[in-house]
Amino acid sequence: MNEGASKLPIQGADVCAVVVTYHPDAGLPHRLSSVSAQTGAVVVVDNGSADAERSMLREAASDPKIELLLNPENLGVARAINIGIQRAAALGYSWVLLLDQDSLVDPHLVRTLSAIVASFPDRGRLAVVGSNFRDADEGAPGAADRQSPDETSDDRWEEVECAITSGSLLPLGAHFAIGPFREDFFIDYVDEEYCLRARAKGYRVIRSRKQIMLHTIGAPTVHKTLWIRKWTSNHTPDRRYYIARNNTVLLHEYGNIRAGMWILKSFGRSLRLCKRIVLYERTKTRKIAAVLHGWWDGVRGNMGPRHPQPGAAGAAAASTSFLSGRHGS
């Protein structure tokens with residue numbers, strides 16, 4: 001059994017939250033307060049936001065429980081998560097709660113996840129405890145269909161193939177055995193790759209049945225044609241690139257598909273995505289070009305940032321700033 005799991009039940013003070021930011025909005029300080037009230041510390045890792053946004057982050061970091069790490073540029077969500085986890089471990093925490101900058105946690109989120117961990121029968125093989133969520137956009141796909149079970153229900157969790165990064169509670173003992181989040185993915189499918197790798201190593205991924213945070217994936221819109229409802233996420237061209245590329249890589253590495261067939265399957269998925277873009281989204285040409293570019297880079301194994309900046313990798317560790325200081329643990 002890993003060290004973190006052996007000390008259950010865990011308390012909020014045992015948990016360090018890691019929040020990755022990139023051009024955060026004005027509501028972030030409120031969301032950080034909701035997290036810091038439930039955890040021992042919050043490590044914010046900023047990926048090259050503008051000066052005004054960093055000023056807001058520095059002000060939020062006046063809270064003694066919040067520490068701010070500033071990357072000089074966008075190093076990708078996976079690298080930022082890994083930086084935050086390393087800092088949490090250095091502070092002495094054995095549990096990390098990962099959160100996106102736009103996720104708003106319920107007041108009982110950490111308590112609910114802790115209860116799930118305490119009730120889980122195979123705690124030594126636990127890799128991820130994910131948080132089910134309500135869509136912040138009520139019009140988002142599936143938002144109206146989601147049902148939250150009674151809080152007193154004994155059926156607290158379900159085993160899943162993958163849990164989204166935001167709201168995931170990780171025991172660091174298992175994390176260091178599984179390995180860091182895959183930085184060459186940069187963004188998108190980072191969570192799925194981690195979960196697939198964990199499960200391949202014999203670990204388990206579970207998720208709360210209760211919805212315990214507000215979160216939205218993309219900027220979803222629903223479109224009606226006669227009686228048929230279709231939705232699309234409206235991701236930017238760069239995000240479309242990473243989605244197509246990293247999905248292609250996952251099919252190759254984890255798809256259990258006959259040699260070469262993963263290329264065709266991924267190409268088919270890319271074409272379906274292009275069809276949806278043509279029918280429902282703006283900036284169609286740029287997005288379709290990004291999807292095809294991503295698919296081709298995935299086939300070739302061309303990884304990392306789509307638009308690499310000279311010297312980014314070498315400057316990362318040296319230029320990361322550590323602001324705000326003291327934490328309880």
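Student: Where in the chain does Thr165 lie?

Tutor: This is a predicted model. In it, Thr165 sits in the loop between β7 (157-159) and β8 (168-171).

Student: What makes Thr165 buried or exposed?

Tutor: The relative accessible area of Thr165 is 13%. Buried means under 20%, so Thr165 is called buried.

Student: Which residues does Thr165 touch, leaving aside those up to four places away in sequence?

Tutor: Thr165 touches Ile81, Leu98 and Asp191. One of these, Ile81, is among the buried residues of helix α3.

Student: What makes α3 largely enclosed by the rest of the structure?

Tutor: Of the 14 residues of α3, 10 are buried, and therefore the helix is largely enclosed. Among them are Val77, Arg79, Asn82 and Ala88.

Student: How does the reach of α3 (residues 77-90) compare with the expected span?

Tutor: From the first C-alpha to the last, α3 reaches 20 Å, which is close to the 20 Å expected at 1.5 Å a residue. Just after α3, Gly92 takes a positive phi of about 95°.

Student: Are Cys195 and Cys16 buried or exposed?

Tutor: Cys195 has a relative accessible area of 2% and is buried. Cys16 is also buried, with a value of 0%.

Student: How do you know that Arg209 and Glu158 form a salt bridge?

Tutor: The distance from N to O between their side chains is 3.4 Å. The cut-off is 4 Å, so the pair qualifies as a salt bridge. The two residues link distant parts of the chain, with Arg209 in strand β9 (residues 204-215) and Glu158 in strand β7, 51 residues apart.

Student: Why is Arg209 called partly exposed?

Tutor: The relative accessibility of Arg209 is 29%. Partly exposed covers the range between the buried limit of 20% and the exposed limit of 50%, and therefore Arg209 counts as partly exposed.

Student: What makes Arg240 and Glu281 a salt bridge that links distant parts of the chain?

Tutor: The closest N and O atoms of Arg240 and Glu281 are 2.3 Å apart, and the limit is 4 Å. Arg240 belongs to helix α7 (residues 237-254), whereas Glu281 is in the loop between α8 (261-280) and α9 (284-300), 41 residues apart. Both Arg240 and Glu281 are buried.

Student: Why are Arg300 and Asp297 said to be separated by about one helical turn?

Tutor: An α-helix has 3.6 residues a turn, so residues three or four places apart point the same way. Arg300 and Asp297 are 3 residues apart in helix α9, which means a separation of about one helical turn. They form a salt bridge, with the closest N and O atoms 2.5 Å apart. Asp297 is buried, at 2% relative accessible area.

Student: How many salt bridges does the structure hold, and which residues are linked in a network?

Tutor: The structure holds 17 salt bridges. Asp122, Glu159 and Arg204 are linked in a network of them.

Definitions and conventions: Residues are numbered from 1 along each chain as its sequence is written. This is a predicted model: local features need pLDDT of at least 70, side-chain atom pairs count only at pLDDT 80 or more; totals for chains, interfaces and linings use all residues. Side-chain values use heavy atoms; hydrogens and water are left out. Helices (H or I, at least four residues) and strands (E, at least two) are DSSP runs, numbered from the N terminus. Buried means under 20% relative accessible area, exposed over 50%, partly exposed in between (1.4 Å probe, protein chains only). Contact means heavy atoms within 4.5 Å. The expected span of a helix is 1.5 Å times one less than its number of residues.
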